[in-house]
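This report covers aromatic pairing, a hairpin and the nonpolar core. Please keep the sequence and the structure in view while reading.

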Amino acid sequence: TVLQAPANNIAELAIPYHDLPQTRANAACNCIVPLDSTFTVVPFIGSAAPDYRNDDASSAPIALPFNFCLYGSSYDSVYINNNGNVSFVNSYFSFTSDSFPSSNYIMVAPFWGDVDTRDSASGLVYYKITPTSLIVRWDNVGYFPLAGDKLNDFQLIITNGLDPILPAGTNVGY
């Protein structure tokens, strides 16, 4: 699913990705960005460097060098949460099988699940900031409780709406 910022700068929910026909916008998105040396492991609070393995942790607020528009509100910092989401205003470090979206947190969630990276078979969570985008990659992560037998790989991109990493007018991509 992608959130698109139309001309009036109010984000709206677009058609789920799997329901889209093969279109120019769909084909033009280079949405999976390979991990390289420009990515950093997310420094989760209460977790030990260098891997920051954890269950239910969140980063401190991370400053964005751009303004991110979500449903008409603009944000210049973000919390990266281990459980498959980023949030604004507050961290969202725990996972409960609550309804989504939650009225308690302002967030974007490419994967709403109980991610757990404590198992050594689990990958880690990485991020990269550019002048106009934030890329967060949950790389082959495990799940609660401390399991690494089934791994999930997913990514979130948020932008200022002008970054060419996403199709024109799009400011979020999963």
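## Aromatic cluster

One aromatic cluster is made up of Tyr-92, Phe-95, Tyr-105 and Trp-112. The model is predicted: local features need pLDDT of at least 70, side-chain atom pairs count only at pLDDT 80 or more, and totals for chains, interfaces and linings use all residues. Residues are numbered from 1 along each chain as its sequence is written, and side-chain values use heavy atoms, with hydrogens and water left out.

## Aromatic pairs

The whole structure holds 7 aromatic pairs. Rings of Phe, Tyr and Trp (its six-membered ring) pair if their centres lie within 6.5 Å; planes under 30 degrees apart are stacked, over 60 edge-to-face, and the rest tilted. Tyr-92 and Trp-112 make a tilted pair, at 5.6 Å centre to centre and 35 degrees between the planes. Tyr-92 sits in the loop between strand 6 and strand 7 (106-108), Trp-112 in the loop between strand 7 and strand 8 (115-116). They are 20 residues apart. Strands here are DSSP runs (E, at least two residues), numbered from the N terminus. Tyr-92 is buried, because its relative accessibility is 4%; Trp-112, at 22%, is partly exposed. The cut-offs are under 20% relative accessible area for buried and over 50% for exposed, with partly exposed in between (1.4 Å probe, protein chains only).

Phe-111 and Phe-154 are also tilted: 4.9 Å centre to centre, 35 degrees between the planes. Phe-111 lies in the loop between strand 7 and strand 8 and Phe-154 in strand 11, so this pair ties together parts 43 residues apart in sequence. Phe-111 is partly exposed at 32%. Phe-154 is buried at 8%.

Strand 4 and strand 5 run antiparallel and are joined by 5 bridges. Strands pair if DSSP finds at least two bridges between them. Ile-62 has Val-78 of strand 5 as its bridge partner. The hairpin has 2 residues between the strands, and Tyr-71 takes a positive phi near 50 degrees.

## Nonpolar core

Which residues have the most contacts inside the largest nonpolar core? They are Phe-68, Val-86, Phe-88 and Ile-158, in a core of 36 residues. Such a core is a set of buried Ala, Val, Leu, Ile, Met, Phe, Trp, Tyr and Cys residues joined through side-chain atoms within 4.5 Å. Elements giving it two or more residues include strand 4 (62-70), strand 5 (73-81) and strand 11 (147-159).

Phe-88 touches Phe-68 and Ile-158, among others (heavy atoms within 4.5 Å). Its contacts also include Leu-70, Tyr-75 and Val-78, not counting residues up to four places away in sequence.

Notes. Helix = DSSP H or I, 4+ residues; strand = E, 2+ residues; numbered from the N terminus.
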